[in-house]
Amino acid sequence: MTETQSVPQPHSDMRAQAPQRPFAWPLAVQVAAYVVLVGLACLPGSGAVSSSTFSVTGFAVAAIIMIFAFFCPLRDGVPGRVTAIVLGFVAMVCASTPFLGQFVFARHDAQYISAAAWCAGVAGLLVVLVVAAFIRQMARPKRTDMIVQLAHMVTDGVASIAASGWCFLPMLFHEASAPDVWRIVCVAVVVVGAVALAVVSRLWYREAQPLPGARAVWVGFGLLPVMLTGALVGIAALVMWLV
């Protein structure tokens with residue numbers, strides 16, 4: 001009688017296969033998101049923080065954060081996505097509430113105060129994000145793939161926080177006191193950054209291995225570079241007012 005020997009199975013990290021949709025799908029999502037954000041920023045009156053048009057832009061940014069959380073391609077799980085949503089909304093409050101900046105800065109220019117308060121708020125939120133990500137990993141009963149999940153949770157949070165910078169795109173277009181030369185330079189920097197992130201996102205998409213059960217990850221991959229570009233928009237707006 002021959003005793004059968006069990007063949008050792010290769011280690012599985014429970015990752016799904018790479019996305020099967022062509023890269024044109026997430027690229028189309030990127031283009032659609034940019035068209036919506038730029039279109040809203042071009043509306044008359046959208047440059048004023050207190051205007052209803054500015055609120056519509058903020059609503060679009062909030063919708064992008066929520067859609068990304070629902071179709072998130074990252075492996076950070078529900079805790080990471082909830083953390084990213086909360087931090088992203090707090091960053092939007094910093095961007096759209098000028099009086100918050102008056103507690104720190106001595107100027108009363110609403111646009112400048114909003115951008116400066118947003119930058120200060122983003123810096124604090126990034127610290128909170130890193131601490132929360134470490135606490136989350138230490139609280140897991142089984143810390144498998146800890147580095148991967150930590151990196152993905154931080155990336156998720158950074159994208160949501162950076163997305164709030166899109167709230168300043170109307171001001172970047174409509175601020176009358178800014179020199180036209182610097183406005184063109186700032187817009188050009190944002191465009192170059194958006195194109196660079198679109199190119200890099202092709203590599204991200206090709207190497208992606210989302211969690212099992214992830215829904216339409218091509219939507220999340222399409223929104224990820226758009227959200228990260230928001231950081232360039234916020235910084236460009238602040239630089240335009242400083243010069």
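Begin by selecting Arg183 and Asp180, whose side chains meet in a salt bridge with an N to O distance of 4.0 Å. Please note that the model is a predicted one. Both residues belong to helix H8, where they stand three residues apart, about one turn of the helix. Are the two partners buried or exposed? Arg183 has a relative accessible area of 14% and is therefore buried, whereas Asp180 counts as exposed because its relative accessibility is 54%.

Next, display every salt bridge; the structure holds three. Side chains of opposite charge can pair when their charged atoms come close. Select Arg206 and Glu207, which form another of these bridges at 3.8 Å, N to O. Arg206, at a relative accessible area of 57%, is exposed, and Glu207, at 54%, is exposed as well.

Arg81 counts as buried at 18% relative accessibility, since the cut-off for buried is under 20%. Asp76 is also buried, with a relative accessible area of 2%.

Remain in this region and select helix H3, residues 77-96. Its 20 residues reach 29 Å from the first C-alpha to the last, close to the 28 Å expected at 1.5 Å a residue. Among the buried residues of H3 are Gly77, Gly80, Arg81, Ala84 and Ile85; further along the helix, Met92, Cys94 and Ala95 are also buried.

Return to helix H8 and show the surface. Which residues make the nonpolar surface patch? Select Val181, Trp182, Val185, Val189, Ile235, Val239, Leu242 and Val243, which together form a patch of about 690 Å². Helices H8 (180-206) and H9 (217-242) are the elements that give two or more residues to this patch. H8 supplies the largest share, four residues. Val189, found in helix H8, counts as partly exposed because its relative accessibility is 47%.

Follow the chain from H8 towards H9 and stop at Ala216, which lies in the loop between these two helices. Most residues other than glycine have a negative phi. Ala216, although not a glycine, has a positive phi of about 40°. With a relative accessible area of 29%, Ala216 is partly exposed.

Select H9 next. This helix has 26 residues and reaches 39 Å from its first C-alpha to its last, close to the 38 Å expected at 1.5 Å a residue. H9 is mostly covered, with 19 of its 26 residues buried.

Finally, hide the surface and look inside. The largest nonpolar core has 51 residues, of which Val61, Trp166, Phe168, Leu223 and Met227 touch the most other members. The elements that give two or more residues to this core include helices H1 (24-41), H2 (52-70), H5 (110-138) and H6 (146-163). H9 gives the largest share, 11 residues.

Centre the view on Met227. Leaving aside neighbours within four places in sequence, which residues are in contact with Met227? They are Ile64, Ile65, Phe68, Ala159, Ser160, Ala162, Ala163 and Trp166.

Technical notes: Residues numbered from 1 in each chain as written. Predicted model: local features only at pLDDT ≥ 70, side-chain atom pairs only at ≥ 80, totals over all residues. Heavy atoms only, no water. Expected span 1.5 Å × (residues − 1). Buried < 20%, exposed > 50% of the residue type's maximum accessible area, 1.4 Å probe, protein only. Patch = residues over 30% accessible without salt bridge, like charges linked within 9 Å, V, L, I, M, F, W, Y side chains within 5 Å. Areas by Shrake-Rupley, 256 points an atom, 1.4 Å probe, with all protein chains shown as cover. Core = buried A, V, L, I, M, F, W, Y, C linked by side-chain atoms within 4.5 Å. Contact = heavy atoms within 4.5 Å.
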